[in-house]
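Here is a friendly briefing to read alongside the model. Have the sequence and the 3D view open as you go.

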Amino acid sequence: NKMDLIGPPALERIHGRASDEKLDWVKSAGFFLVHLAGLFAFLTGFSWIALGMCFFMYFFRMFAVTAGYHRYFSHRSFKTSRFFQFILAFWASSSGQKGVLWWAAHHRHHHKYSDTKDDIHSPILRGFWWAHMGWVVCQKYQSTREENVKDLAAYPELRWLNKHYGLAPFLLAAAIYGFGEALRLYAPGLHTNGLQMIAWGFFTSTVLLYHGTFLINSLTHMVGRQRFRTNDYSKNSFILALITMGEGWHNNHHRFPYAEPQGIYWWEVDASHYL
């Protein structure tokens, strides 16, 4: 049943960019280099195992982002041990989506001001590309808003990991390269090697993971159906739920932000919740 809550805010389209909202080429260089490296897959050739690694690493890390960065650290929607909390943070940071405190702090801010002039990435007010990735690559939002994550900042290991957020992606890329080289030596029939495996299994997979995650910020406030009248334009999408392991039930999530499952009915597939 629809629940009559506060309706979406009036549209106040924001035009133009402030000086600190312009593209920061220096601090965003790594982000764009990953995209270029993803194209390297076309030069390393194709193998089924490399393609399989690409999709495995996509969903392996998508789960860490949805269950870790989003449902656990941003919303504290379930409990776990301090040890596994660190594992989740390290695992999610291998996605290349910056640190755990940075991610959670900005997401909490989004929920507080969703689709208002203070929202960091509202596609309704700022346009699709700004919501999708423009805010990520500008200067204004490079730092961590620790005032939004005081509960998480109390853990020194999380602060350390947030500072050294590039460590996990580097170690993962090195491991995937080593795995490819081992297959080249000991399973030549698979027709792969370290360069092919890192191109497909890390760089291409990471690019897909970037944009799969970003679609929740952009498309789920533009495309889909709204079951609940929340105070924003969040919508539900079955297709995006498949791509993001359950995050596509975005209107459900904005109505019940502290609920761990985001699918409500049996047919609302939520793979992260099942895991």
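A search of the whole structure turns up eleven salt bridges, a salt bridge being a side-chain nitrogen of Lys or Arg within 4 Å of a carboxyl oxygen of Asp or Glu. Please keep in mind that this is a predicted model, where local features need pLDDT of at least 70, side-chain atom pairs count only at pLDDT 80 or more, and totals for chains, interfaces and linings use all residues. Residues are numbered from 1 along each chain as its sequence is written, and side-chain values use heavy atoms, with hydrogens and water left out.

**Salt bridges**

- D270 pairs with R71, with the closest N and O atoms 2.9 Å apart.
- This pair links distant parts of the chain, as D270 sits in the loop between helix 13 and helix 14 and R71 in helix 3, 199 residues apart; helices are DSSP runs (H or I, at least four residues), numbered from the N terminus.
- D270 is buried at 1% relative accessible area, and R71 is buried at 2%; buried means under 20%, exposed over 50% and partly exposed in between (1.4 Å probe, protein chains only).
- R71, E247, E260 and D270 are linked in a salt-bridge network.
- The side chains of D151 and R108 also meet in a salt bridge (2.9 Å, N to O).
- That pair links D151 in helix 8 with R108 in helix 5, 43 residues apart.
- D151 forms a salt bridge with R76 as well (2.9 Å, N to O).

**The nonpolar core**

- Of the 39 residues in the largest nonpolar core, Y69, F73, V100, L101, W135, L152 and L158 touch the most other members; such a core is a set of buried Ala, Val, Leu, Ile, Met, Phe, Trp, Tyr and Cys residues joined through side-chain atoms within 4.5 Å.
- Helix 3 supplies the largest share of this core, nine residues.

- In helix 9 (residues 156–163), the buried residues are E157, L158, L161 and N162.
- They lie on the same side of helix 9, because they cover an arc of only 135 degrees around the axis, taken from the directions from the helix axis to the C-beta atoms.
- Beyond its neighbours within four places in sequence, L158 is in contact (heavy atoms within 4.5 Å) with F73, Q85, A89, V100, L101 and L152.
- F86 is partly exposed, at 25% relative accessible area.

Conventions. Helices (H or I, at least four residues) and strands (E, at least two) are DSSP runs, numbered from the N terminus.
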